[in-house]
Each structure stands twice: as structure tokens, then as C-alpha cells.
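Subject: Handing over the structure

Hi there,

Here is the structure I promised to pass on to you. Please open it and keep it beside you while you read my notes below.

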Amino acid sequence: MIDRWWLQICTHRLPRSSPAYSQSFLLFTRPFSASHSIQAKKKKMPPKKAPAAEKKVLLGRPSNNLKIGIVGLPNVGKSSFFNVLSDTDLGKAANFPYATINPEEARIPVPDVRFEWLCDLYKPASRVPAFLTCIDIAGLTAGASTGAGLGNSFLSHVRAVDGIFQVVRAFDDAEVIHVEGDVDPLRDMEIIQTELRLKDIEWVEKHLDGLKRTGRSLGNNSLADKAKKEEIATVEKILKTLTVDNKDARKGEWTNKEASLSPQIFVNIFFPVPLFSDEKELLLETQLVEEGVTPHYSFEITISLIPFSFIEVVNSLTLLTAKPITYLVNLSEKDYIRKKNKWLAKIKGWIDTNNPGDPLIPFSVALEERLAQLPDDERVEAEKVPGAQSALGKITQAGYSSLDLIRYFTCGPDEVRAWTIRKGTKAPQAAGVIHSDFENKFVCGEIMTYEDLKEHGSEAAVKAGGKLRQQGKPYEMIDGDIAYWKSG
């Protein structure tokens, strides 16, 4: 005779008053006897995988629409650089401090030889490259963290961007005044770093004080209380990084690992045969069992850990010193062409000591302004002079990469387009950049690499060579992928 109370468990009809109710979880964890008409699905342990390399921690907003701000002392060439970079005259360049008050914004095309090659191959009616959004921010001065020189307003503009181009003046020009009286790039970099860090310390101390005031009554049993204690400990670690360790937040030892606060057990029941949904099917199921035909059910116990993410706490504070910095050293045209300047080695040494790993790019606003005024053919000839090549493309690409942005392409006779996504983006979210329906109804993506397409010369040849791959939801996009999305 069929075990009626087991059928009731399967259909969630087991009454709480039943003696078997209290034993139901024991049933999940003990072997079934022959009297039960259930066969547990046996699972083999998968072979151990080699530990994967830990991914780089991504600080900042989880977004594809990230912005980079131009930061520096007054009169170091920020607005002039913004104008030549954006090919506009939006930046207010003048020979006095605070010529720029309100930030200016422009979208800068990111140069990419792959995009140009794809356009030559497909000859599309429309071509849309990747863009970097750049913001011209007014100059910061010593004391900005305490409000000097409209510092609070300007620092709020820095907080609103996701990365920093820090322009450092390393040219002498008696006609261009310096707010500190003389040219000293090391002092200037120290001022910017100090002001950003002091503002972060003030911000973190205020946040930590609020957390501690609300955390006085925290216990040890509640999951929410444990999460709050972990948050307090993480914020204390951030403050220690800024003060005791004397480091910027982006140089702290942050990991992608999560702390699990408490386990929760979930039981998932799977039915390979149709589960009875009405009385007729229930009678049929019962009859089958009585006649010796055993329906096969399986179950699975999953232990789910409630995570606490350290990096999410860091990112939630939107710290100024957590933003990636690319140092742009503004040289005279003469020094840039001959690649010699008395400050360059010292600047590199300062970066290696204070912010190791941050990129440094020498350039010359004077040269860029001169090249920008030339017709295209004359500009090409001017850049043939050794050392006189524009650095704007290199700077744009460096800013794009500093934000951990990559791009994939969609190609056809109507349009070749580069779509900006962040490193680590999965296929459905990458498709969602085009339209949310592509993400919500994602089926798969047909992916080929730029290198394979260039090697084989056409999509048909790539497919014939077995290089066109169908990728599902777990696929992580790679810079330069060419994608065609399928959605339901």
C-alpha cells in the first residue's frame, strides 16, 4: 500500500498535526527503506578543480556609463587640455585661478584600430565608436578640503566622476602664473593627494560615527546585527588605510571575497515525472505504486550562505581616493619633442613611492593646440617629425582602460558599433546594453573574436572554420568580441 503521508509531503499537504510532520526533515537526511516508494537520486562528487586566479577588485560604480574628470591645481593646462581633447572651446582657459567654476562635459571617441578595420570590412551606413565621457573640473588649491577656494564645491564635482586625469604642470612660462608662486610638480601632486585624502578622512569618520551610534544596541544573534558589525569593522579598516597606513583607498588591500554570516538550508524537490495536479492523477499515481510501478522522485539539499561583501562597503562610500588616477605631465613643446625634462624622473619616483602602479603619460598642451589648428593633411605631415606625435589617443585609451571598461562590436551593412561594458560583464548584461529585452529574454549569443574574423576574412569563413561559438548566460565577455544576440 502506498505510503499516504509521503504523498502528502510531496504535494505540501502534510498536516502539522501529523506525527510524520516532525520527522519530515529526518526523512531528507536518512536512507530510504524498501517500504518507501521513493528512490533518491545519487550524485557523484565532481572532480576538484584547480583554484582560479582571483579577479581584480573593481572599485567604483557598477556601471557602463562612467565618467573621468580632469583635476589639478589652477593654471596647469586643464581647460586647454579639455578643449583639444574634446575638439571644442567649452573649457574656459585663462591666465588666472578659477576661470572654470561649473564643470564642462564632453564625449570623446576612443580610438581603436579594430573598429576602423571592421568599418572597412563591412562598409556600414552608420559607424558608432566607443566614447569616454570627460569632465573639466575647476582647479583645487591647498585647503580645499576645508572649503578654501570654493573647495567643497569642486570636491563634490570630483566625487561625481569615476576616474581622474590629474594634470601636472612641468613647464616654465613666466607669462602663465602659478598659484603657488613657482613650478614644483612634486609639491603640486602632494597638495592634490592631501586634499583628496583629508576629505575622505572627514567623510569616513562622519560615516563611522553614525554607524557606531546606531550600533550600540547590536546583538550577536540577528543576521542583520552581524552584517552591521561587519560593516563597522570594514569602515574602520578603511579609516586605518587612510590615516595609519597613509594610503589612498584604492591602494588598500581589498579582495573580492565575501564573509558568510550565517548558513541557511533550502530543500529543492525535483519530479522527473509529471506531478499529479488533480484527484484523477493522484488516483492513477496511487494505483501505479500499488501495482509495483515506482515513480522516481529526487531531492536536493542546498546550503546557502548569506554573504557580506567588503568591497560593496568600500564602493558605497564613493571615496575620492578610491578613484583610479592617470597622471598627465604637461611639458613644453620643446621638452616633449626631445623627451627630456628635469622633473619627469622625479615625478615617476614620487608616483612609485606614493601610488605605485598608477600610469604616467607625458604630453604637451602647446603641441596639441598647434596640431589642432592645422588642416588634416598638414597635421599628418607635422606629426612625421620625430617626437611630435599627438598623445591624445593614448590618453583617451588610458582613461577608458583605467575605468575597467572594454567594448564589444555588433557588425553589419547597416551599422558597425562598439558597445561599452565593464570588465567581467556576463553575456546577458552585455546584450542588455543594447536593449533591456535582450537581457530579460536572453537565449544565447553567437560570438567570434576580432582576431578570428581578421584571420579568416569573413563571417562565413569564421563559421566554416568552427570559430563561431554559441555562448550562454555564464559567458564573460572579452574585449573585442563580435556578438550577435538571440532573445526570446
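First, a word you will need: a residue is called buried when its relative accessible area is under 20%, exposed when it is over 50%, and partly exposed in between (1.4 Å probe, protein chains only). Helices (H or I, at least four residues) and strands (E, at least two) are DSSP runs, numbered from the N terminus. With that, look at strand β1 (residues 67-71), which is mostly covered, with 4 of its 5 residues buried.

Some background before you go on: this is a predicted model, where local features need pLDDT of at least 70, side-chain atom pairs count only at pLDDT 80 or more, and totals for chains, interfaces and linings use all residues. Residues are numbered from 1 along each chain as its sequence is written, and side-chain values use heavy atoms, with hydrogens and water left out.

**The neighbours of β1**

Two strands pair if DSSP finds at least two bridges between them. β1 pairs with strand β4 (residues 131-136) in the parallel sense, over 4 bridges; here Ile70 stands opposite Asp136. β1 also pairs with β5 in the parallel sense, again over 4 bridges, and Ile68 has Gly163 as its bridge partner there.

**Aromatic rings**

Rings of Phe, Tyr and Trp (its six-membered ring) pair if their centres lie within 6.5 Å; planes under 30 degrees apart count as stacked, over 60 as edge-to-face and the rest as tilted. By this rule there are 6 aromatic pairs. One of them is formed by Phe81 and Phe165, edge-to-face, at 6.1 Å centre to centre and with 80 degrees between the planes. Phe81 belongs to helix α3 (residues 78-86) and Phe165 to strand β5 (residues 163-169), so this pair ties together parts that are 84 residues apart in sequence. Phe81 is buried because its relative accessibility is 0%, and Phe165 counts as buried at 0% too.

The rings of Tyr408 and Trp485 have centres 5.7 Å apart and planes at 85 degrees, so they are edge-to-face. This pair links distant parts of the chain, with Tyr408 in strand β10 (residues 405-410) and Trp485 in strand β14, 77 residues apart. Both Tyr408 and Trp485 are buried. There is also an aromatic cluster, formed by Phe81, Phe165 and Phe363.

**Helix α12**

Which residues of helix α12 (residues 365-372) are buried? They are Val365, Leu367, Glu368 and Leu371. These residues cover an arc of only 160 degrees around the axis, which puts them on the same side of α12; the arc is that of the directions from the helix axis to the C-beta atoms. The buried residues of α12 pack against several elements, including α3, β9 (360-363) and α14 (392-402).

**A look at Lys486**

Contact means heavy atoms within 4.5 Å, and leaving aside residues up to four places away in sequence, Lys486 touches Lys441, Phe442, Val443, Cys444, Glu446 and Gln470. Lys486 and Lys441 are 45 residues apart in sequence and 8.6 Å apart in space, C-alpha to C-alpha. The side chain of Lys486 also makes a polar contact with the side chain of Glu446 (3.1 Å). A polar contact is a pair of N or O atoms within 3.5 Å; within protein, one must be able to donate a hydrogen and the other to accept it, and residues adjacent in sequence count only if both atoms are side-chain atoms.

Happy exploring!
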